[in-house]
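Please have the sequence and the model open while reading.

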Amino acid sequence: MTDTHKTVVVTGVGIVSPYGIGMDCLQAGMLSGQSCLVRTKDDWFPGFDGTTARVCGLPSMADASRPEFSRTDQLAVIAAQDAMASSGCDSSTFREAGIAMASTLGGLTEIDTGIAKDPGPWYRRPGGLSRAASYPFAHVADAVGNHFGIRGPRCAISVACASGAMAIALAANMLLDGAAPMFLAGGSDPLCAFTLSGFNSLQALDPNPCTPFDQNRKGTNLGEGSAVLVLETLAAATARSAKVLAVLRGWAMTNDAFHTTAPQKEGSGLADCIRLSMEMAQVSGDDIGYVNAHGTGTPLNDSAEANAYETAFRGRNRPIPVSSTKSYLGHCLGAAGAVEAAITIMAIRSGALIPTLRLTNPIESPGVDWLRGKVKRQPLPLAMSASSGFGGNNTVLIFGSGLS
Amino acid sequence: MTPNLPPIAITGIGSVSPYGPLAGLIQPGPLEPAAITGWTSAGERRAFLVPPFRPAAVVPGLNTRRLDRLSAWALVASSLALKDAGIELNSIDRSRVAVVFATIFGCVELTEAFYLSAAANGWNGTDPITFPETLASAPASHVSMFHGLRGPNITVSNKYFGGESAMLQAACLLRHGQADLAIVLAGDALSRSTYAWYEEADLLSPACYNSHPVSEAEGFIPAEGVAAVVLEPSDRINLRPNARTYARISSGLWAAGGEPAEIICQKIIRQMLGGSVPSFCTAICSGNGAPCATSPTATLAHEIVGEGVAIIHPNAYAQGLAGSGALFHLILASSSARVSGPALFLGTARNNGFAAILLELS
């Protein structure tokens with residue numbers, strides 16, 4: 001029998017992505033196979049020649065345009081507002097809510113090389129101090145909390161590219177511990193010269209639209225966005241007659257303990273993470289209908305990830321369907337895990353297995369059904385979102401359409 | 001946090017601070033800010049600084065070349081905490097060990113270095129080795145890599161209560177069975193740009209500019225360092241001979257403000273304890289960088305726990321770490337006042353929030 005006080009449900013999903021604000025435009029864009037990746041030259045810094053997915057036309061919000069609100073903060077506030085609207089509640093319902101927001105960049109978009117060369121004069125420039133105040137990644141949680149007057153526990157999370165998924169996992173832990181009656185959990189990261197330059201220096205960027213899981217993949221593309229989930233217990237959701245969008249059935253976090261940037265090549269850390277999440281959800285590999293993969297498109301990540309799926313789903317009666325939606329939106333770094341959690345929920349709710357775009361020659365992996373071509377329509381009771389990041393961080397979330 | 005669950009014990013302590021790298025409690029002697037020599041400024045500037053040391057001399061085999069100082073200190077502090085706890089990593093399942101790290105600024109020194117490389121060589125000429133070391137999560141990742149720890153690896157931040165948040169998140173992992181043991185770390189390194197920010201925001205104590213004794217100073221003295229503690233479920237400690245318990249954590253909460261601090265603190269303590277307020281022996285006050293002499297936390301502690309309770313005031317050095325100072329507040333309080341029994345670890349950021357952790361000091 002389900003313990004409604006120990007069951008975590010999703011009652012709101014908010015997103016701002018290159019498709020626009022909200023799940024409707026995301027769903028319409030992805031199900032029609034529209035890629036948001038655009039090749040540009042000299043766009044982010046002189047000499048940049050690559051492909052990104054950009055969020056255009058952010059709405060003007062009085063508080064969100066304050067100087068101490070970085071672009072990271074603005075994206076987060078817009079996604080949180082969309083999540084609250086999607087939950088059918090006004091912001092007063094969230095007064096005592098907790099906030100778990102992830103970011104890898106924080107306010108790096110608001111500062112530049114001048115702050116390192118001579119910080120004093122940089123701070124004395126108009127707005128210098130306020131812009132710098134957004135630098136710590138904790139600010140993204142404060143931005144959401146302060147904007148909406150939310151006063152529960154606030155926590156910011158930064159674990160590289162697994163950040164957004166881990167924020168959701170940690171929020172679920174805290175929710176079950178009674179730290180707050182409900183949580184806004186997600187991630188936000190914008191495009192900026194700092195990260196584009198960093199990934200460029202690592203030779204991890206494909207100048208053309210990326211081809212995750214293809215044998216000829218050449219790297220990733222960066223994107224930007226934010227996604228926020230409303231999490232509460234089933235008991236609380238039932239008490240307020242909330243619409244349950246999905247059940248967070250299982251979650252797990254592991255570390256490869258292997259390398260600063262490279263994943264363990266057999267994908268053992270991610271495979272362990274998948275196993276632990278399925279144990280928590282009390283499901284087997286056969287029960288999982290779809291995996292929204294990390295799938296960056298880099299040679300090392302995708303081969304390790306394929307190995308992880310081979311290990312974790314060994315013994316399954318048919319290959320596990322897997323795709324990377326970074327082929328549509330690029331890699332949103334600290335937001336990626338939350339954005340992909342939102343996409344996984346969308347896949348469950350619409351009964352759509354979303355293919356990887358531009359995948360023509362997939363990695364040979366007999367245990368994996370690499371989704372490509374057209375969207376497959378089928379009921380999807382359980383789906384998984386997998387995230388990994390620099391430093392060996394892994395987080396896996398399992399969402400279900402209903403209770404076991 | 002759910003009450004009435006088996007408590008979590010602190011069984012090991014390690015730190016890198018102005019007192020140097022240390023295992024166990026810190027014998028607190030007089031501590032004055034030191035002159036900054038890491039960058040030039042117009043006139044002397046002072047802060048609570050970690051004296052230079054060679055990490056490999058403290059932890060044999062440790063290679064910290066090209067790491068941010070914060071990563072290096074996290075590696076040393078975690079090693080010392082494990083040693084203090086008497087934990088032999090080869091004898092435990094490392095996939096069940098979590099690392100939870102709290103920081104405000106992350107690896108800010110290498111972030112500055114990355115910006116300087118962009119200024120010198122253009123954004124197309126930045127350094128690929130430096131870039132991943134700028135991540136705020138790099139110190140925690142290095143701790144997992146060095147010790148081979150494959151459990152959850154988490155980096156958190158909160159402007160005022162990062163350290164408290166890290167401790168409670170780690171306790172949460174243990175209670176939910178997501179790890180058997182956790183290393184909790186909190187700290188920051190001071191850089192030119194962060195110090196200049198404090199200065200331009202007019203936050204600095206006069207003691208940062210001259211040799212006024214700290215006790216008479218008003219304002220904020222920036223600090224650096226990393227503290228680490230080992231957390232384990234209490235029932236696990238019996239399995240290890242010679243294990244020591246510094247304190248047990250029974251519950252805790254933190255939240256943003258919105259109401260006067262005394263109201264929200266009272267409310268949260270009632271929530272944690274289910275309505276009954278026990279007799280505390282001690283209240284340990286933390287802070288968010290407010291001057292020690294004017295810290296509202298001690299006043300609030302008196303209001304909550306009543307007169308006759310030993311109040312341990314916020315420590316000036318730990319105050320300098322702002323939101324990542326909680327572990328040092330706790331370690332230095334335990335080091336200076338040999339107290340035992342029920343204690344309330346209390347932090348406020350005036351009306352911007354609070355944190356409260358219920359402890360049993362050993």
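How far apart do the C-alpha centres of domain 1 of chain A and domain 2 of chain A lie? They lie 21 Å apart.

## Basis of the model

The model is predicted: local features need pLDDT of at least 70 and side-chain atom pairs count only at pLDDT 80 or more, while totals for chains, interfaces and linings use all residues. Residues are numbered from 1 along each chain as its sequence is written, and chains are lettered from A and ligands numbered from 1 in the order in which they are written.

## The two domains of chain A

An automatic or database domain assignment sets the bounds, giving domain 1 (8–239) and domain 2 (250–400) of chain A. Their contact (C-beta atoms, placed from the backbone, within 7 Å) takes 61 residues from domain 1 and 53 residues from domain 2 of chain A.

Several elements of chain A give two or more residues to the side of domain 1 that touches domain 2, among them strand S1 (8–17), helix H1 (23–31) and helix H7 (163–176). Here helices (H or I, at least four residues) and strands (E, at least two) are DSSP runs, numbered from the N terminus. The largest share of this side, eight residues, comes from H7(A).

## Where chain B meets chain A

Between the chains, 54 residues of chain B are in contact with 56 residues of chain A. Elements of chain B that each supply at least two residues of its side include helix H3 (108–121), strand S6 (153–157) and helix H6 (162–175).

Strands also pair across the chains (pairing requires at least two DSSP bridges): two bridges join strand S6 (residues 154–157) of chain A to S6(B), and the strands run antiparallel. In this pairing, A:Ile157 stands opposite B:Val156.
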